[in-house]
Amino acid sequence: MGDVFGEFAAHKGILTVSQLAGQIRKGVFPGRTGAAQVTLGQGVSEFEVQFVRDTLARHGLTDVVVIDDQLLRHRAGREIVHKHRAENVLISLPRPTGPGSFESDLLVDSGNEMMSDHLTGQHMQGMLVMEAERQMFIAVAEQHYLAQTAVGNSYFVIDTFATRYRNFLFPLPAIVRCKVLSRRSPHRTRTTFSCELAVLQSGSETAETEVRFTAFDTQVSHAKETRAAERSLQNTAAFMAAKEPASAEVRIT
């Protein structure tokens with residue numbers, strides 16, 4: 001797993017990228033038994049996998065160590081998760097598992113924006129779970145429900161987002177599931193969805209979320225947002241003016 005999860009690597013059989021490379025250099029890994037398979041935990045990038053492969057090659061161990069990094073090659077694209085940097089994408093491409101049901105692999109990069117602060121203990125933070133679920137329902141809607149011409153051109157507004165945490169999520173392989181409960185298009189410019197999401201590890205739920213959201217045509221949503229921003233500005237100015245002496249001029253910068 002990624003070096004950022006060093007505290008969890010104290011457990012038997014777990015190594016960070018740097019620890020694994022160090023053991024290869026010392027001749028400790030893969031050990032006297034020869035062949036070995038490496039399963040990726042969270043926090044490992046394709047760049048780091050190549051670093052380990054290069055280290056193995058320099059020590060003549062390429063053929064005796066198998067690194068399964070297929071998941072990293074199926075990370076969801078920027079158009080369906082609305083992220084511009086690969087390291088901030090937390091899920092693989094959603095795959096159908098049944099009528100209205102989809103799942104993705106959780107793919108946490110150590111350079112993810114959610115990992116830059118507040119890392120405590122051995123588990124991953126709850127906000128990362130919520131962000132993975134947010135990306136999941138957007139990706140499912142974009143990939144499987146909206147018109148192809150709308151992909152990357154829709155604006156998503158969350159109406160409700162209710163999460164219940166059940167267990168710690170550790171930096172091990174995990175799955176994000178999404179079930180679409182209902183979908184309707186009251187107007188050609190918008191589609192509303194109701195979904196259930198869950199993050200599972202070793203077959204058990206670590207968190208579940210109920211979400212309702214609307215996908216708007218981008219031009220329509222921008223016009224609505226602009227009007228809402230103008231109302232908010234006027235309301236804020238009026239609120240502040242009411243607290244100031246009558247002669248004072250209120251400016252918001």
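I175 sits in strand β6 (residues 175–187), and its bridge partner in β7 is L200. The model is predicted. A second pair ties these strands together: K179 has E196 as its bridge partner in β7.

**The β6–β7 hairpin**

Strand β7 covers residues 190–201. It is joined to β6 by 10 bridges, and the two run antiparallel. Together β6 and β7 form a hairpin. How many residues lie between them? There are 2.

Strand β6 also pairs with β4 (residues 101–105). Here 5 bridges make the link, again with antiparallel strands. Within this pairing, F102 stands opposite C178 of β6.

| Strand pair | Bridges | Direction |
|---|---|---|
| β4 (residues 101–105) and β6 (residues 175–187) | 5 bridges | antiparallel |
| β6 and β7 (residues 190–201) | 10 bridges | antiparallel |

**The whole sheet**

These strands belong to an open sheet of 6 strands. The order is β3-β4-β6-β7-β8-β5, with antiparallel pairing. Which strands form the edges? They are β3 (95–98) and β5 (154–165), and each pairs on one side only. From one strand to the next, the twist averages 30 degrees. Strands of a sheet pair through backbone hydrogen bonds, either parallel or antiparallel.

**Helices on the sheet**

Two helices lie across strands of this sheet. Helix α4 (residues 126–144) lies across β3, β4, β5, β6, β7 and β8 (204–217). Its direction is about 135 degrees to β5. Helix α5 (residues 218–243) lies across β5 and β8. Its direction is about 90 degrees to β8.

**The α1–α2 pair**

Helix α1 covers residues 17–26, and helix α2 covers residues 46–58. Their axes come within 9 Å. The crossing angle is roughly 5 degrees. Why does α1 count as roughly parallel to α2? Because the axes cross at roughly 5 degrees, and angles under 35 degrees count as roughly parallel, α1 is roughly parallel to α2.

Which residues make the contact? From α1 they are V17, L20, A21, I24 and R25. From α2 they are E48, F51, V52, T55 and L56. By class, the contact has 7 nonpolar residues, 1 polar residue and 2 charged residues. R25 of α1 and E48 of α2 are part of this contact.

Note on methods
Residues numbered from 1 in each chain as written. Predicted model: local features only at pLDDT ≥ 70, side-chain atom pairs only at ≥ 80, totals over all residues. Heavy atoms only, no water. Pairing = 2+ DSSP bridges. Helix = DSSP H or I, 4+ residues; strand = E, 2+ residues; numbered from the N terminus. Axes fitted to C-alpha atoms, helices over the stretch in contact; angles between N-to-C directions. Parallel < 35°, antiparallel > 145°, perpendicular 65-115°, else oblique. Contact = heavy atoms within 4.5 Å. Nonpolar A, V, L, I, M, F, W, Y, C, P; charged D, E, K, R; others polar.
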